[in-house]
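Please look through the structure below with a few of its loops, its surface and its aromatic rings in mind. The paragraphs after it take these topics in turn.

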Amino acid sequence: MQSASFTLASPSPSFSLLKPRRQPPSLSFNPRFDPIRASSNLNNDSFNVNLSTRRSWSLSSSSSSSPVQLRPWNAPPPSYSDAETSRFEVKATSVPEAAGEKPESSSLFKTLELGALFGLWYLFNIYFNIYNKQVLKVYPYPVTVTVIQFAVGTVIVSLMWGLNLYKKPKVSGSQLAVILPLAVVHTLGNVFTNMSLGKVAVSFTHTIKAMEPFFSVVLSAMFLGELPTFWVVASLVPIVGGVALASVTEASFNWAGFWSAMASNLSNQSRNVLSKKVMVKSEESLDNITLFSIITVMSFILLAPVALFMEGVKFTPTFLQSAGLNVNQIYTRSFLAALCFHAYQQVSYMILQRVSPVTHSVGNCVKRVVVIVSSVLFFKTPVSPINTLGTGVALSGVFLYSQVKRLKPKKA
């Protein structure tokens with residue numbers, strides 16, 4: 001199917017003043033016409049054609065599938081200068097009938113590839129939480145741990161750019177100024193998450209982080225003017241109720257861990273709102289992976305001096321030995337946690353490029369269930385039936401929220 005749109009950029013002579021000479025009916029195109037200056041530019045199936053006003057044209061299409069024909073009218077050419085030519089923009093798009101058809105082998109390969117990416121996303125996330133919790137249990141310096149994670153991510157990003165494994169972006173100073181607030185809230189979100197993981201069980205931290213949709217709705221309404229629908233608000237009820245029930249019955253509950261996880265939710269959703277508010281027009285040329293890579297480097301630069309000021313240099317072998325810690329074990333687990341931290345976020349963005357945001361949200365909900373179950377089994381975290389019920393209700397609310405987001409409010 002083919003469609004065409006036309007835009008007149010400058011005034012053209014009136015067609016009513018032109019008296020066309022009658023053409024033989026058998027001829028659809030007169031080859032003996034004055035030369036025209038035409039330029040064509042192919043970009044995403046759009047064509048720009050410049051026509052001189054020395055000749056007027058009529059456009060006709062013999063059928064929906066045939067190309068547009070230009071028929072000249074032999075009229076006296078008006079005395080316009082070259083600079084006073086009219087400009088028509090002709091944009092045509094065509095969709096082949098078999099555009100949606102894909103070979104079965106290619107479709108199967110893409111399905112397997114997507115399944116493998118989801119598996120890696122969950123696997124890296126599980127191991128990140130396990131290794132990270134093991135380090136934070138014996139090394140209570142969450143800011144330093146976060147800096148190490150950003151440092152490893154910065155090295156990985158630098159290698160990717162240096163070895164041309166991923167195209168190095170050209171970022172201007174104005175773009176960096178726009179990205180800076182995102183880097184700040186991204187840094188705070190990860191610091192607060194590590195603070196919570198150091199204080200409470202992994203399962204409880206992720207149960208509280210299930211309240212991210214609640215903060216997303218509130219912040220979007222406050223700063224973007226996006227009022228939620230009735231069904232979105234209804235889906236938040238089981239999320240809030242489930243988290244409250246799980247918090248009351250949590251064996252490892254303490255207020256420091258609870259509020260750190262809540263602050264992480266606020267920071268992460270602030271990053272998402274900022275992305276919608278300031279990045280839509282300013283950063284169209286940056287894909288998600290490139291943007292995440294830049295934010296990782298900026299977060300390391302921002303947090304390193306803060307960590308030195310707040311916690312000092314407490315990651316040296318001498319300090320770890322004086323604290324009675326196994327140096328090799330701490331270094332190995334910290335490095336693996338940082339590696340998994342960067343890997344699971346990279347894979348997450350790779351998945352987001354292949355599926356819709358709603359599908360990605362559902363996958364994130366399933367991921368949280370997998371992480372909670374695996375951490376409970378690995379660390380043998382004591383959970384009561386009521387605590388399990390509260391966690392289940394909260395996660396069910398998250399799944400319901402991801403589904404009702406498909407529903408768009410009807411325009412009045």
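In this predicted model, Asn 164 is found in the loop between α2 and α3, and its phi is near 60°, a positive value in a residue other than glycine. Most residues other than glycine have a negative phi. Asn 164 has a relative accessible area of 66% and is therefore exposed.

The loop that runs between α2 (142–162) and α3 (173–199) also holds Leu 163, which counts as exposed because its relative accessibility is 58%. Leu 163 belongs to a nonpolar surface patch of about 420 Å², which is made by this residue together with Val 155, Leu 159 and Leu 165.

A positive phi is found again at Lys 380, where the angle is about 55° although the residue is not a glycine. Lys 380 lies in the loop between α11 (357–379) and α12 (385–404), and with a relative accessible area of 71% it is exposed.

Turning to the aromatic rings, a search of the whole structure finds 22 aromatic pairs. In the pair of Phe 128 and Phe 341, the ring centres are 5.5 Å apart and the planes stand at 40°, so the pair is tilted. Because Phe 128 lies in helix α1 (residues 104–138) and Phe 341 in helix α10 (residues 327–352), the pair ties together parts that are 213 residues apart in sequence. Phe 128 and Phe 341 are both buried. Elsewhere among the rings, Tyr 139, Tyr 141, Phe 315, Phe 319 and Tyr 331 are linked by ring pairs into a cluster.

Definitions and conventions. Residues are numbered from 1 along each chain as its sequence is written. This is a predicted model: local features need pLDDT of at least 70, side-chain atom pairs count only at pLDDT 80 or more; totals for chains, interfaces and linings use all residues. Side-chain values use heavy atoms; hydrogens and water are left out. Patches are made of residues with over 30% relative accessible area and no salt bridge: like charges are joined within 9 Å, nonpolar side chains (Val, Leu, Ile, Met, Phe, Trp, Tyr) within 5 Å. Accessible areas come from the Shrake-Rupley method with a 1.4 Å probe; for residues, only the protein chains shown count as cover. A salt bridge is a side-chain nitrogen of Lys or Arg within 4 Å of a carboxyl oxygen of Asp or Glu. Helices (H or I, at least four residues) and strands (E, at least two) are DSSP runs, numbered from the N terminus. Buried means under 20% relative accessible area, exposed over 50%, partly exposed in between (1.4 Å probe, protein chains only). Rings of Phe, Tyr and Trp (its six-membered ring) pair if their centres lie within 6.5 Å; planes under 30 degrees apart count as stacked, over 60 as edge-to-face and the rest as tilted.
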